[in-house]
Amino acid sequence: MTEQNYAILPPGVESQAFHKAVQQFRQLLGNENVLIKQEQLVPYMKIMMSVDEAGHAASAVLTATNVEQVLGVVRICNEHKIPVWTVSTGHNFGYGTAAPHHRGQIILDLKKMNKIIEIDPDLCTALVEPGVTYQQLADHIKEKGYKLWVDPPAPSAIVGPVGNTLDRGVGYTPYAEHFTFQCGMEVVLANGKVLRTGMGGVRDSNTWQVFKWGYGPYLDGIFTQSNFGIVTKMGLWLMPQPDVFRPFAVKYRKDEDIKDLVEMFRPLSINGIIPNGVVFAGTLYEASATVRRSDYTTEKGATSKDVIQRIRDEHNIGAWTAYGALYGTQEQVDVNWRIVIDRIKKLGKGEILTEDQAGSDPAFKYRADLMRGNMTLTEFGLYNWRGGGGSMWFAPLSQAKGSETIKQVELATRILNKHGLDYVGEFILTQRALHHVIDVLFDRTDTEEMTRAHDCFAELLGEFEKNGYGVYRVNTAFMDRVANSFGPVQREVNKTLKRALDPNNILAPGKSGIDLDT
């Protein structure tokens, strides 16, 4: 292939230089691991965001199978000043999927680096490569007969712990804060060196996966939500399988009930009575497992309150449904269950639902699976609510206070409805904070609706920022905008680190708003 055949070139790289780099990539990785044909690149262009795919189209895709190849890719990219966007499994739906931050970057896909290097069933630790999925890890644990659980995020089966942890994702078991339960990384730096964080720098260390901090400054955090290196191995802490697992749900019938239920559940979470990531699911989020909007209305715009109430009535769905679980010995669970039941009854509202009472209810089964670390793809039912393939997660943080949740829900609903879209959201309680996760769903095949969705997302960011709320994750189309909301000092510190670690700006420029060219 000659250089004239390349449909897209990396920014600032001439055709001849790119052709030379492609030849070097082929020599390093093999022809089958260097994808440049348009039909090969199409799977990496499914962005789901409210922008044109062309703005996030890659010039090539590379797949590496080991650390030495990753080092070789970095060397070639440095030589030709080619920006490289790294993905682990590439299924970061609603946040940009596998597509790069901007047009022309090459993608380094690490899905073939999928070795489970070690699991210690006594210390409950694992060491994995970035291509390992939660399904693969769970299957391996089951095959070995280890009494261990993983903590997957909602789209669990096809995503992996390395990518999700690096993006600071959350789950639903007591190990819900994924970065908290990460221990030790191997990182390929832009200068061609390999860093092992924590205790990993000690020769023949056997404590790499058991002690997070190592010696000197703690570095693992700077490689999350950043572009300072390429993580090629990560340590994880796994949850011991409890003797007893008791999931439950509590349905609340009024929109304003969110205030009281947060006040009730917060101390139970802080005190460890309910140790997992407790979910408060709104009506349409809960309904998405079984209901499509078109079943009730084909009118454009926001779904009316009357239709939402019909959905609640016909499917016995609460305005809010709280999901939690108890874990431990039978004695522990029995004691904590009495505490939970007493608190719920004292509040004087809410319909308690146990696993036996729920029976085959798909919504309850989905949540129970997540809280016990089982694999599920049920959350993708969200994309059937409106259809059309548009999804952007809006994820502001909130204090775990009922007044704050009321304020955020009302603000989000007003803005979404103004733009003809629906509030499809849930809160995840992790002791003192609430992750407010809202799926901005829209029809990408409808140009007018896609424009409205884009304006809506921008307004959500702006209005929430005015009220002192920041988001903890965002899709690639809005990363610069969110980086600005955290202030100029943080942006300059990030650039200082970038200049020191990646002076040629080759590693994922634009990730989290970090780019030496802007």
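Predicted model: local features only at pLDDT ≥ 70, side-chain atom pairs only at ≥ 80, totals over all residues.
Along its principal axes, the C-alpha trace spans about 70 × 55 × 45 Å.

Let me turn to how the chain packs. Of its 518 residues, 58% count as buried, and among contacts between residues at least 6 apart in sequence, 74% join residues that are at least 24 apart.

Now to the interior. In soluble globular proteins, nonpolar side chains tend to be buried together. Here the largest nonpolar core has 56 residues, and those with the most contacts inside it are Phe265, Phe280, Trp320, Phe394, Leu416 and Leu460. Helix H13, which runs over residues 447-466, gives the most to this core, with seven residues. If we take Phe280 and leave aside its neighbours within four places in sequence, its contacts include Ile258, Leu261, Val262 and Phe265, together with Trp320, Phe427 and Leu434; Thr321 and Glu426 are also in contact with Phe280. Apart from this core lies another, of 44 residues, among them Tyr172, Ala281, Leu382 and Tyr472.

The chain exposes about 21400 Å², of which carbon and sulfur atoms supply 50%. As for the charges, the chain carries 55 positive and 60 negative ones, and their mean positions are 2 Å apart.

How values were computed. Residues numbered from 1 in each chain as written. Heavy atoms only, no water. Buried < 20%, exposed > 50% of the residue type's maximum accessible area, 1.4 Å probe, protein only. Contact = heavy atoms within 4.5 Å. Areas by Shrake-Rupley, 256 points an atom, 1.4 Å probe, with all protein chains shown as cover. Lys, Arg positive; Asp, Glu negative; His and termini not counted. Charge placed at Lys NZ, Arg CZ, Asp CG, Glu CD. Core = buried A, V, L, I, M, F, W, Y, C linked by side-chain atoms within 4.5 Å. Helix = DSSP H or I, 4+ residues; strand = E, 2+ residues; numbered from the N terminus.
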